[in-house]
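Please read the points in order, with the model open beside them.

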Amino acid sequence: MIYIVGLATSYFVEALSSYILFSHVGEKRFKSVYCFLIGTGLHYLGMFINLLGKNKIWINLIAFLIITVIFGMLAFKINFNMVCLYSVFIVAICTFCEMYMEMLITSVTDMQMQSYLTSDMVMVALVIFGKGFYLISILLMSRLIKRENRVKLPLVMFLYPISAFLSFAVIWYVCRYCNVNSYGKLVLSTVMMLLFAVVVFLLFSYQKGIERESKLLELKTQIEKSETEKTYYSIIEKQNDNLISYADDTQKHLKAIKMLNSDPQIDEYINKMLASLDEYGK
């Protein structure tokens, strides 16, 4: 019973964490409660897949990744590439937190890997510390993320977190099936922590790159706007010069006609035209 409750709690925290991250990245398609229910339902589907697959790590990882991508696409307005990228980061961080804490707890208690299947104490500790660490990591990660969909994603952004969580899985597998002692688990846990630090650093560098790209794009837009305004004002200035030249020429012609004219009514009309042309003259 404790195992089922712990498993349900774990998947609930995973749904909450994914919701927090995607909410920060993109705009919700529905009301918050509906988006969260979609995520919770999908993650509990993952829990049933876990139970049916008898807790096989590769099945869980693939199912978790697919469910996270579907959740991001269904509930949020985020382009597919960005959903895939952040889903990979989510899976990598979740994999690290869960496996790292399991290795750490079992090394400290000198128990076998996956002892949470038979020990309620280990299961409770894994849920509290593992999922608590995961939720805190996602909250910190969401503070680094900028909502930006215009920047092109390099392929390496996908390769690093994918290779990281595959490495986490391999390390966990070695500890689980190769009878690694407590000291070995601690060493491998340190290796996992370093890999995790690389993933976090990559995300931080990527976000800094997004900020630079956004500033450059904004600067380019401002320059293009300035050039457009410059061209527009140049055209207006040329039109004004032509109008002034036309007004001066017309005034000269009217003055010449006035000198040749002896009709007072025509003189009065010419004077009115000259007065109106004074507004456009130099």
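1. Which helix is the place of Ile 128? Ile 128 sits in helix 5. Helices here are DSSP runs of H or I with at least four residues, strands are E runs of at least two, and both are numbered from the N terminus.

2. Some ground rules. This is a predicted model, where local features need pLDDT of at least 70, side-chain atom pairs count only at pLDDT 80 or more, and totals for chains, interfaces and linings use all residues. Residues are numbered from 1 along each chain as its sequence is written, and side-chain values use heavy atoms, with hydrogens and water left out.

3. Is Ile 128 buried or exposed? Ile 128 is exposed, because its relative accessible area is 53%. The cut-offs are under 20% for buried, over 50% for exposed, and partly exposed in between (1.4 Å probe, protein chains only).

4. Ile 128 belongs to a nonpolar surface patch with Ile 2, Val 124 and Phe 129. Together they have about 370 Å² of accessible area. Helix 5 supplies the largest share, three residues. A patch takes residues with over 30% relative accessible area and no salt bridge; like charges are joined within 9 Å, and nonpolar side chains (Val, Leu, Ile, Met, Phe, Trp, Tyr) within 5 Å. Areas come from the Shrake-Rupley method with a 1.4 Å probe, and for residues only the protein chains shown count as cover.

5. The largest nonpolar core has 50 residues. Tyr 134 and Met 192 have the most contacts inside this core. The elements giving two or more residues include helix 1 (2-25), helix 4 (80-109), helix 5 (120-144) and helix 7. Helix 4 gives the most, 17 residues. Such a core is a set of buried Ala, Val, Leu, Ile, Met, Phe, Trp, Tyr and Cys residues joined through side-chain atoms within 4.5 Å.

6. What does Tyr 134 touch, leaving aside neighbours within four places in sequence? Its contacts (heavy atoms within 4.5 Å) include Val 13, Glu 14, Phe 64, Ile 90 and Cys 97. A second, separate core has six residues, among them Tyr 3, Tyr 11, Met 47 and Met 123.

7. How many salt bridges does a search of the whole structure find? It finds three. The criterion is a side-chain nitrogen of Lys or Arg within 4 Å of a carboxyl oxygen of Asp or Glu.

8. Look at Lys 131. Its side chain meets that of Glu 14 in a salt bridge, 2.6 Å from N to O. Lys 131 is in helix 5 and Glu 14 in helix 1, 117 residues apart. Both residues are buried. Lys 131 also forms a salt bridge with Glu 98, with the closest N and O atoms 3.3 Å apart. Glu 98 lies in helix 4, so this pair ties together parts 33 residues apart in sequence. Glu 98 counts as partly exposed because its relative accessibility is 32%.

9. The remaining pair is Lys 77 and Glu 27, at 4.0 Å from N to O. Lys 77 is in strand 2 (residues 76-77) and Glu 27 in strand 1 (residues 27-28), 50 residues apart. Lys 77 is partly exposed at 45% relative accessibility, and Glu 27 is partly exposed at 46%.

10. Finally, Ile 257 lies in helix 7 (residues 182-260). Ile 257 is 13 residues from Ile 270 in sequence and 8.5 Å away in space, C-alpha to C-alpha.
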